[in-house]
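Student: Could we go through this model together? I would like to start with the loops and then turn to the ligand.

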Amino acid sequence: MKKIWIGSSWKMNKTSSEVTTFCDAITPILEQVPGTIQTFLIPPFPYVREVAEAVDRYGTCVGVQNICWAAQGAFTGEISAGMAKDIGALIVEIGHSERRQMFNETDETVNRKVRAALGTGLKPLVCVGDTAEEKRWGVSAEAIVRQVKIALFGLSKDELHNVIIAYEPVWAIGEQGVPASPYEAENGLYTIRQALIDMFGEDKAQQIILLYGGSVHQDNAAELIAQPSIDGLFVGRAAWDAEGYAELLSIVGCYCE
Ligand code: PEP
């Protein structure tokens with residue numbers, strides 16, 4: 001049976017002492033998390049090793065928020081998949097809408113990064129999502145299917161069990177975001193699963209973990225996780241402090257029982 005994934009990316013937030021405070025508060029909670037739940041945390045690069053050292057023993061996966069597609073070389077300011085792995089990362093977030101909007105991430109660079117991650121033994125957590133305009137124009141499904149198909153283009157069927165996809169509608173993310181209803185979240189992820197079935201066949205498509213992200217909070221987590229196509233939740237603001245994350249784990253834990 002698939003585990004329920006629940007984790008958070010901290011984006012460009014937290015000081016070193018805030019990271020230590022978070023780790024001190026969350027580790028006793030992680031110790032209690034049932035085996036049906038897979039926890040993960042994606043801090044900014046400088047804190048990855050510290051967080052990994054604190055939470056590894058509880059089975060929590062730690063990730064990075066980006067990698068370069070190349071393994072090494074003249075790419076000033078970039079970090080390779082191998083370097084991310086060296087400092088304790090198991091996951092790499094790729095193609096978050098903020099990176100697509102502000103840092104010129106394209107479907108093609110997402111695909112190159114997915115291949116670099118898999119080639120190095122990291123799990124790519126690929127973010128896809130429709131914009132508010134695409135939603136208004138009625139082309140949400142087309143937009144997310146295109147992103148998924150290009151992100152996973154050229155992958156072998158044997159690599160798929162390491163792939164995670166997060167449906168993060170751009171209109172649902174962050175302070176200005178309007179949370180997707182459970183129906184909208186389910187619809188997006190169902191569409192993605194069907195596209196994966198077209199690409200790889202039913203068995204392989206079912207191995208890919210599908211997460212929902214975008215204004216997940218303590219009041220909507222239970223309804224979202226109950227949707228049949230949702231394997232887990234990718235949380236931002238609501239899990240940035242240990243209490244918030246702990247509360248979400250307990251909500252999802254109740255659902256698992
Ligand atoms: C995100 O930006 O990926 C995200 C899920 O953020 P939030 O939960 O804060 O909307």
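Tutor: Glutamine 32 lies in the loop between H1 and strand S2 (37-42), where helices (H or I, at least four residues) and strands (E, at least two) are DSSP runs numbered from the N terminus. This is a predicted model: local features need pLDDT of at least 70, side-chain atom pairs count only at pLDDT 80 or more, and totals for chains, interfaces and linings use all residues. Residues are numbered from 1 along each chain as its sequence is written, and side-chain values use heavy atoms, with hydrogens and water left out.

Student: Is glutamine 32 buried or exposed?

Tutor: Glutamine 32 counts as exposed, because its relative accessibility is 62%; buried means under 20% relative accessible area, exposed over 50%, and partly exposed in between (1.4 Å probe, protein chains only).

Student: What separates the C-alpha atoms of glutamine 32 and isoleucine 67?

Tutor: A distance of 32 Å, with the two residues 35 apart along the chain.

Student: Changing topic, what is the phi of asparagine 104?

Tutor: Asparagine 104 is not a glycine, yet its phi is positive, at about 60 degrees. Most residues other than glycine have a negative phi. Asparagine 104 sits in the loop between helix H4 (97-102) and helix H5 (107-120), and is exposed at a relative accessible area of 65%.

Student: And what about phi for lysine 11?

Tutor: Lysine 11 also has a positive phi, near 50 degrees. The residue belongs to the loop between strand S1 (4-9) and helix H1 (16-30), and counts as partly exposed because its relative accessibility is 22%.

Student: Which residues surround the ligand?

Tutor: They are Lys11, His96, Glu168, Ala172, Ile173, Gly174, Gly214, Ser215, Phe234, Gly236 and Arg237, where near means a heavy atom within 4 Å. By class, this shell has three nonpolar, five polar and three charged residues.

Student: Which polar atoms lie by the ligand's oxygen atoms?

Tutor: A side-chain N or O atom of lysine 11 is 2.5 Å from a ligand oxygen. A backbone N or O atom of glycine 174 is 2.9 Å from a ligand oxygen, and a polar backbone atom of glycine 236 lies 2.9 Å from an oxygen of the ligand. Polar contacts here are pairs of N or O atoms within 3.5 Å.

Student: How much of the ligand's accessible area does the protein cover?

Tutor: The protein covers 97% of the 290 Å² that the ligand has on its own, with areas from the Shrake-Rupley method and a 1.4 Å probe.

Methods. A polar contact is a pair of N or O atoms within 3.5 Å; within protein, one must be able to donate a hydrogen and the other to accept it, and residues adjacent in sequence count only if both atoms are side-chain atoms. Ala, Val, Leu, Ile, Met, Phe, Trp, Tyr, Cys and Pro count as nonpolar, Asp, Glu, Lys and Arg as charged, and the others, Gly among them, as polar.
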